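Me: Could you walk me through this structure with a few questions and answers?

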Amino acid sequence: MAEATANGLGQHTLHGTQAHDAAATGIAPAEVHQEHPIKLYLVVWLWLFILSACSYLIDYVGLQGYLRWSLILIFMMLKAGLIVAVFMHMAWERLALTYAIILPPILVLVFVAMMVFESDYTLLTRTLFFGAEP
């Protein structure tokens, strides 16, 4: 059952007749094929449909300004989070890998927000010192 690898560690393999007794043989759970129930995927598809409908309702209702764009961005991030978590199997990954993939886009959003606030300050100083708006 255990085979020697190049680094000297034993590697467990599952064969067709021995797959059902993986827990009894002491094989690590990460090496056993894991299937997710179809209900999980159907629920996620339903939530994606609901969030997409809410995104389209924003235009149908006619919301404008910051409320419109903030709702669009919130729905977009929720849909992207569901897709990454379930369909890309990020919900079942190690925490370090999750941080390595999710933390950089969050930091990019923080830096974009800082640039937006800085642009208002830059416009204000140009208006005060040069007199006319661009």
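Me: In which helix does Met114 lie?
Reply: Helices here are DSSP runs of H or I with at least four residues, and strands are E runs of at least two, numbered from the N terminus. This is a predicted model, where local features need pLDDT of at least 70, side-chain atom pairs count only at pLDDT 80 or more, and totals for chains, interfaces and linings use all residues. Residues are numbered from 1 along each chain as its sequence is written, and side-chain values use heavy atoms, leaving out hydrogens and water. Met114 sits in residues 95-130, helix H4.

Me: What pattern does the protein chain follow along the sequence?
Reply: The chain has four helices and two strands. Read in order, they give β-β-α-α-α-α.

Me: What percentage of the residues in the protein chain is buried?
Reply: Buried means under 20% relative accessible area (1.4 Å probe, protein chains only). Out of 134 residues, the buried share is 11%.

Me: Which element gives the largest share of the lining of the largest pocket?
Reply: A pocket is an open set of points on a 1 Å grid over the protein atoms alone, where a 1.4 Å probe fits, with protein on both sides within 12 Å along at least five of seven lines; lining residues have an atom within 4 Å of a point. Here 13 residues line the largest pocket, with Ala80, Gly81, Val84, Ile101 and Ile102 nearest its centre. Helix H3 (65-87) and H4 each give two or more residues to that lining. The largest share, six residues, comes from H4.

Methods:
Buried means under 20% relative accessible area, exposed over 50%, partly exposed in between (1.4 Å probe, protein chains only).
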